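Subject: The structure for you to look at

Hi there,

Here is the structure I said I would pass on. Have a look when you get a minute, and then read on for what turned up in it.

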Amino acid sequence: MCSPANRCPRETESRWITTHERHRDERSDAAIQVDCFASLAMTDNSRYSTPMLSETHARARGLANLPPVTSDSLLALIAMANADPRIDKIDVGVGVFRDGAGNTPILKVVKEAERRLLETQSTKAYLGSAGDKRFAELIGPILLGSHADDERIGGLQTPGGCGALRLGFELIATANREARVLVGTPTWPNHPPIIRAVGLEQFDYPYYERGQAAIRFDEMLETFRSARPGDVALLHGCCHNPTGADLSEEQWREVTRVVSEAGLIPFIDIAYQGFGRGLEEDAAGVRMMVEACDEVIIAQSCDKNFSVYRDRVGSLWVKTGSRETTATAIAHVCQRAREMWSMPPDHGAAAVRIILDDPELSANWLVELAAMRDRINSVRARLAAADPRLAFIGRQFGMFSMLPLSKEQVLKLRESHGIYMADSGRFNVVGMSDEAVDRFTTAIVDAMDG
Ligand code: LMR
């Protein structure tokens, strides 16, 4: 077997390939059929000689052959909104909290923690693939409550919630390539590509009916009941993205029962803890699952509730049936992290750790978090009061809601009013300043009437 490191310089009409590469080519591109076995036969002497590659006459493929990429719709929307020169544009596309003045300020507690970090940090030596262990220790009780001490649960720092999702699905794929991931529709647009990237099959379940603004609860449970044991139920812990339609406590109880009876692995994505009903209340679903199921995966993010978006602060949590199995699972996860990013970025997690390690800063964080939540809920109330057709917005949670608008209506709002929202009608309720709320609702009501 040749190692991929033994590649020869590229040629124009022929190239050298490894056996490993040949098999990959066969899977990905049936047109490329090359025979590389002849000169790859290993002899007893081969370990003493330079590994050889066989020549093939297939056409060279380089970066110029890359297919175009359809960029992530939310990132494309950010770019479009930024490029719009209209000063009264309303960017409710991406999920970033904005205050009444339309800004995303750095939290005071984060500024203070960063100041302390700057003054006290004495080294930037590596921490390892699990990142800042004290950070994870402090996040544990916030997320898991009394389950934080359960020795069957392990957690580690990740680059944001995305990093945690990727690692969690890597773990599933390592344990069971046949597992199917049950994904509610609609879901956050980055879920399917992450699942695809690890090679797991996605199976959609109905979650939300946009026209009725209702959760399709019975259908969701029906899908779960029909799944195979070992399949993964992907759930949003709170502040459902993109709909804002959260399960009630009673519904969480029922989902937990069905998931546990069907032998599914709940995989909970919780990126907005504290933005919905409250810090504790928002973790209720996570805790029920941890209580009831032997195997649970949780992808947690601090990017929003500490407002450290670009610093990428998150964590992955794994519960298995025993302390030993969890240790093995975490070792796998660390190895996957090592292969992808080696170690998570430190700065944001270190700032969060300083806050949570200090009672006064922690208390101040809760106050700032409550202020963000209050703004979300007060804008929701204003939008809900503007028209009976928008009343559902007041019954939902978190930053997102989904308007019953067609793609054409969304495009028209973009062109005529500079209102940027996802084509699905998802919008960030706190993407707009207080001053823009009335303009926004007038334009939306006009669009719904027209
Ligand atoms: C969003 O959904 O807008 C945010 O979570 C940002 C992102 O990464 O998509």
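To start with, where is Arg 312 found? Arg 312 sits in the loop between strand 11 and strand 12 (helices, H or I with at least four residues, and strands, E with at least two, are DSSP runs numbered from the N terminus).

Two notes before the rest. This is a predicted model, in which local features need pLDDT of at least 70 and side-chain atom pairs count only at pLDDT 80 or more, while totals for chains, interfaces and linings use all residues. Residues are numbered from 1 along each chain as its sequence is written.

Arg 312 has a positive phi, near 60°, and is not a glycine. With 21 C-beta neighbours inside 10 Å, Arg 312 counts as buried (20 or more other C-beta atoms within 10 Å of its own mean buried, 12 or fewer mean exposed, and anything in between is partly exposed, with C-beta atoms placed from the backbone). Cys 239, in the loop between strand 9 (232-236) and helix 8 (249-261), also shows a positive phi, about 50°, and is buried with 27 other C-beta atoms within 10 Å. For background, most residues other than glycine have a negative phi, and most peptide bonds are trans.

Seven strands form an open sheet with mixed pairing, in the order 4-12-11-10-9-5-6 (two strands pair if DSSP finds at least two bridges between them). Strand 4 (153-159) and strand 6 (201-206) are at the edges with a single partner strand each, so one side of each has no neighbour in the sheet. Strand 11 (residues 296-301) and strand 12 (residues 313-319) run antiparallel and are joined by six bridges. Val 296 stands opposite Lys 319 of strand 12.

Helix 5 (residues 160-175) is largely enclosed by the rest of the structure, because 12 of its 16 residues are buried. Among them are Arg 166 and Glu 170.

Finally, the ligand. Around it are Leu 74, Val 94, Gly 95, Trp 188, Asn 190 and Asn 241 (a residue is near a molecule if its C-beta atom, placed from the backbone, lies within 6 Å of it).

Best wishes
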